[in-house]
Amino acid sequence: MSRPLLRGVSGMRISGNGHDPWDLEMKERNEKEDLEKDHSTDQSYLALRFPFRFLSHDNNTSPSKYGISENGFTSDIFSSGTPRSRQNFTMLFLKFSLIAIVFLALTGSFWWTISISTSSRGHIYHGYRRLQEQLVSDLWDIGEISLGSSRSKDLEFCSEDFENYVPCFNESRNLALGYSNGDEVDRHCGQELKQHCLVLPPVKYRIPLRWPTGRDVIWVSNVKITAQEVLSSGSLTKRMMMLEEEQISFRSASLIFDGVEDYSHQIAEMIGLRNESNFILAGVRTILDIGCGYGSFGAHLFSKELLTMCIANYEASGSQVQLTLERGLPAMIGSFASKQLPYPSLSFDMLHCARCGVDWDQKDGILLLEVDRVLKPGGYFVWTSPLTNPQAFLRNKENQKRWNFVRDFVENLCWELVSQQDETVVWKKTSKASCYSSRKPGSGPSICSKGNDVESPYYRPLQPCIGGTRNRRWIPIEERRNWPSRANLNKNELAVYGVHPEEFAEDTENWKTAVGNFWSLLSPLIFSDHPKRPGDEDPSPPYNMVRNVLDMNAHFGGFNSALLEKGKSVWVMNVVPTIGTNHLPMILDRGFVGVLHDWCEAFPTYPRTYDLVHAEGLLSLESGHRHRCSTLDIFTEIDRILRPEGWVIIRDTARLIESARALTTRLKWDARVIEIESNSDERLLICQKPFFKRQAS
């Protein structure tokens, strides 16, 4: 049965109505034209709804769907002849044109959507990935974004109160919680809610000057200190002078530089050396500077290949640690008040305290026991204080009593008084562990038991006993190889740490290659005003933008070693996570600096203190310990301690890197994913933190 008969219901009513033949003929003709119009509309609808289906039909297509002629037979849509056929052909041509336009519009819209989604999430470079795989990855990202507004919502900016805020250090809160006797100024984490917001720099913040210029001149607006505070800082006034109103200068022409040089020279002579350049020959490479002022002592010794770590209490304003890091020198917040420092025993070659504000005679000498714990056998303790001046304490009975206590106490620790001049005294820790057993019974602190002498102290309470005496690392500094040979451990030295030589050698070679690749990736941007191509010589200072480097999962310290071997003017804070294998003793013995840390807590530093943050395998390590904290918690902390325009390099499995990349959008970082090798499951995530300026209120 033909389609017009099915649609033409009036045909069944012709025989039964009272209309004349002319009316019937006209009505039939009008209905026939309406039928053709309806049929044409059906075809247009099908063409738009199913374009590929419409274009692919053939002559076997059912006559009830396509191409019905007036006599009910299928006609050839391309045949020419009658005017109606030509009209049909024209209509079909217009339909095909419309279909093509719609198809091209949909295709363009699709690719535009892809390009927008990928550009908003950062550029992605895949070494050997096919276009189809890239498309699948991008569509997966679009699906992640569409899962919910809360998942992809950018983090808000923190209030102005967070500009220089350091979590875990809140003296007023600690006092309210009942802490006292020095505990109130110490570090207490776990009491605060996580702050998922982005810390903005001060209104007049400026990118630090490049090393080594930035060591001598810093911007006043970058640190929380005023010119008045500098001028009223007593003896510290001699350490600096103001340049105009925007800079603090530590120029070599200043009196304090000459004073620091003379002071360092004096210490070397007291030890029996010609000058401070010979510290290396005496086995001294790493120095812990307690209450370091503004880092002038360490800045001078750095030119002698000595690495000085500054530690000082948290300060709400005029921070020693903040200014030292701003100068591009190692520093972290630390306190001797009530907790052990997050270093293993036998960590440093020298400890230095010049008017550091620590009362060593208090708390029954327990603070001196902590000094002894972190000092290597044969290491030196240098103390400069008015209390040590014989002419001064002889006129003050109370000071004389305090001095006598310190002198007698350290003698019972088997320290040898090397020399005393003016206000400076130098002691040398014993190189022989047998010295402790040869003391008179009851003459001094006891030796720690095995349970109290742990290799991984993490802010444990101070111990009233002598630690480290049973340690396999008890090797006098004069028997260790001098720097830089110390960094390359031999087979016998590696055996102390339980590391196989082949494993160490492989790690060393891998990091040499990795550092070369990292620098090639970053160089075109780091040295933007001094272009270089990968493989070319690095431009000489002051073109080095990266100075302070934080390695969040340091392993053996291979990243640090490779950077120094490449001649990079950087220093690295090697962080060993508390949930991982503790290789920090090995890192410190190699002549580097580092610390234990739990990355579910805030790092003990001020905001905007590192130029480059590196993490290899940290995400995998944390994913194996679920329900501790989220990746967003860790990334928010990275953003806090990273300087504006600073860099983040994360290496991990492809799955974890893709998940991490989704978070970079919320943090407003510019991100790229790099495929390391075509057959490797690992990826690199390279990010840069933008410089968002706070508006003046």
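Tutor: Let us begin with a term: a cavity is a set of grid points where a 1.4 Å probe fits but cannot get out. The model discussed here is predicted. Its second largest cavity has a volume of about 70 Å³. Of the 13 residues lining that cavity, Q340, E370, R373, Q463 and C465 are the closest to its centre.

Student: What classes of residue make up the lining of the second largest cavity?

Tutor: Six nonpolar, four polar and three charged residues form that lining.

Student: How many cavities of 30 Å³ or more does a search of the whole structure find, and how much space lies in the largest cavity?

Tutor: The search finds six such cavities. The largest holds about 90 Å³ of space. Its lining includes F157, L198, W669 and F692, as well as D639 and K689.

Student: Why is the link of C168 and C189 called a disulfide?

Tutor: The sulfur atoms of C168 and C189 are 1.9 Å apart. A disulfide requires two cysteine sulfur atoms within 2.5 Å, and the pair therefore qualifies. This link connects distant parts of the chain, 21 residues apart: C168 is in the loop between α6 (149–152) and α7 (171–176), and C189 is in the loop between α7 and α8 (213–216).

Student: Why is C168 called buried?

Tutor: Buried means under 20% relative accessible area, and C168 has 5%, so C168 counts as buried.

Student: How do you know that C600 and C629 form a disulfide?

Tutor: Their S to S distance is 2.0 Å. That value is within 2.5 Å, so the pair is a disulfide. C600 lies in the loop between β14 (593–597) and β15 (610–616), and C629 in the loop between α21 (618–623) and α22 (631–641).

Student: Why do C600 and C629 receive separate descriptions of their accessibility?

Tutor: C600 has a relative accessible area of 12%, which is under 20%, so C600 is buried. C629 has 22%, which lies between 20% and 50%, so C629 is partly exposed.

Student: Which handedness does each of these two links have?

Tutor: The link of C168 and C189 is right-handed, with 110 degrees about the S-S bond. The link of C600 and C629 is left-handed, with -70 degrees.

Note on methods. Residues numbered from 1 in each chain as written. Predicted model: local features only at pLDDT ≥ 70, side-chain atom pairs only at ≥ 80, totals over all residues. Heavy atoms only, no water. Helix = DSSP H or I, 4+ residues; strand = E, 2+ residues; numbered from the N terminus. Buried < 20%, exposed > 50% of the residue type's maximum accessible area, 1.4 Å probe, protein only. 1 Å grid on protein atoms, 1.4 Å probe; cavity = no way out; pocket = protein on both sides within 12 Å on 5 of 7 lines; lining within 4 Å. Points joined across faces, edges and corners; volume = space filled by probe spheres on them. Nonpolar A, V, L, I, M, F, W, Y, C, P; charged D, E, K, R; others polar.
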